[in-house]
Amino acid sequence: MERKSFDLVVIGAGPGGYVAAIRAAQLGLKVACVEKEAALGGTCLRIGCIPSKALLESSELFHQAKHNFAQHGISVGEPKLELATLLKRKDQVVQTLTGGIDFLFKKNKVTRIKGTAAFISKNILKIEGADAGEIEGKNIIIATGSKATVLPGIELDGTNIGTSTEALAYSTVPRHLVVIGAGYIGLELGSVWLRLGSKVTVVEFLDRILPGMDQEIATMAQKIFEKQGFVFKLGHKVKAVKRAGEECVVECEGVDPIKADKVLVAVGRAPNTDGLGLDKIGIKLDSRKRVEVNHRFETSVKNVFAIGDVIAGPMLAHKAEEEGIACVEFIAGKQGHVDYNSIPGVAYTHPEIASVGKTEEQLVAEKVSFKKGVFSFKANGRAQALADTEGKVKILADAETDRILGVHIIGPRAGDLIAEAAIAIAFKASSEDIAISSHAHPTLAEAFKEAAMAVHNRAIHS
Ligand code: NAI
């Protein structure tokens, strides 16, 4: 095959890569995007954020029908689960969205290359797969994402002992699911199967859930999840997971083994830097095998860039998207910018947990003096009307300047509410700015305004 040449070749069509490719095409560059999977969209769209959200929605509706409809005076009898239909709907959501990226590529004239790419030289890639051959890029972006980390002693079998990929598609509801790791993935997928009828035990190495999250919010979350039926085994170090016939046995240090029929390993993710030929062209990796980049996303090799999960920072789709856009704006001779202080994180459990900026623990460690405003959803009219009142909004503001430094929300639609907080932090707003801004009544967003008022001890409804 004749070697095709492009202004920019992006390796990987996840949220970082496909967004970078489209933005670069908008800026007038001739762009190709190489992807080895049949569907575009990367982990997030195919086997991550999107299918998990589809399952969370369906399982929550099932749970609501079972436990909460009655209080609204709606009697539906005992709801029956049709798991195959539920899973099919999830697959259709994924199909619609991944197909949407095909459409966007065509619309923006991004050339899709099907296959696996590896560097031959700093601007030539070898492609293996359907579009086998070589392609040349004046600029190349590595956007290859990450994969699930597996602990030593655990052998994944692709059915009973697996990662989030398997847990998105169990064909029957497990009787007992053991989740290893109380992070985002463990709690979201644990919630799905708990609501559908599994017993769920979460084994976590640390003495808390959701490491990195504001401790006060994580403690409240744990109590709520325990009420829902989650069993947490904190401070447990998993040594091995074995199959014993149809059963799995999870062995932890110093305690009795735990038996389960499914095990979900969710102990973090590692960058996809193997097999790309990065050593061949001298690309520097850090101690965790992430590609080292500067603020312009340039690697140690000229005209080769990296973005998303493959570089340092939170492994989040929206962080990768911001980096993809900023990176190609630099390549096109413009200014790119990512505000890492205002990147929100959301766990789509029920209630949702969302945060942006600094946690209380970080501010204490950094010796920053701050004021705190807290407002409970119990005192929010809309939350009462929704019969969804568990949780609170917590705002941390600089004691001297009143600038908002961190916002942590646990409660209904926290994942949507956090957008206002992220903008407040990006625009360097003070809690006073929020307190004097009108918020529609009755909305959940009023809880954010009241928390801002609470920073100055003048919340009205608490
Ligand atoms: P995570 O880093 O959020 O949590 C992993 C947990 O496993 C930690 O609590 C850790 O202490 C624990 N752990 C590690 N080794 C262990 C051991 N030997 N025994 C028991 N526990 C152990 O990782 P997770 O949940 O796998 O997610 C991976 C990435 O994907 C994260 O960076 C996350 O931000 C991202 N993600 C984001 C989502 C969202 O934004 N809603 C959803 C899913 C994933």
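Q: Why is Asn 303 called partly exposed?
A: Its relative accessibility is 27%. Buried means under 20% relative accessible area, exposed means over 50%, and partly exposed is in between (1.4 Å probe, protein chains only). Asn 303 falls in between, so it counts as partly exposed. This is a predicted model, where local features need pLDDT of at least 70, side-chain atom pairs count only at pLDDT 80 or more, and totals for chains, interfaces and linings use all residues. Residues are numbered from 1 along each chain as its sequence is written, and side-chain values use heavy atoms, with hydrogens and water left out.

Q: What else can you say about Asn 303, and where is it found?
A: Look in the loop between helix 8 (278–281) and strand 17 (304–306). Asn 303 isn't a glycine, yet its phi is positive, about 65°. Helices (H or I, at least four residues) and strands (E, at least two) are DSSP runs, numbered from the N terminus.

Q: Why does Arg 413 count as partly exposed?
A: Arg 413 has 48% relative accessibility, so it goes in the partly exposed class. Arg 413 sits in the loop between strand 22 and helix 12 (414–426). Its phi is positive as well, near 55°, in a residue other than glycine.

Q: What makes Ser 355 buried or exposed?
A: The value for Ser 355 is 13% relative accessibility, so this residue counts as buried. Ser 355 is part of strand 19.

Q: Which residues does Ser 355 touch, leaving out those up to four places away in sequence?
A: They are Met 213, Ile 343, Pro 344, Gly 345, Val 407, His 408 and Ile 418. A contact here means heavy atoms within 4.5 Å.

Q: How do you know that the span of helix 7 agrees with what it should be?
A: You take 1.5 Å times one less than the number of residues. Helix 7 (residues 215–228) has 14 residues and should span 20 Å; its end C-alpha atoms are 20 Å apart, so the two agree.

Q: Which residues of helix 7 are buried, and what covers them?
A: The buried ones are Ile 217, Ala 218, Ala 221, Gln 222, Ile 224 and Phe 225. Their cover includes helix 6 (184–195), strand 11 (231–233), strand 19 (352–357), strand 21 (392–398) and strand 22 (404–411). As a rule, an α-helix has 3.6 residues a turn, so residues three or four places apart point the same way.

Q: What do you find at the start of helix 7 and just after it?
A: At the start, a side-chain oxygen of Asp 214 comes within 3.3 Å of the backbone nitrogen of Glu 216. Just after helix 7, Gly 229 has a positive phi of about 120°.

Q: Where are the cis peptide bonds of Pro 351 and Pro 442?
A: One runs from His 350 to Pro 351, with omega near -5°. The other joins His 441 and Pro 442, with omega about 0°.

Definitions and conventions. A polar contact is a pair of N or O atoms within 3.5 Å; within protein, one must be able to donate a hydrogen and the other to accept it, and residues adjacent in sequence count only if both atoms are side-chain atoms.
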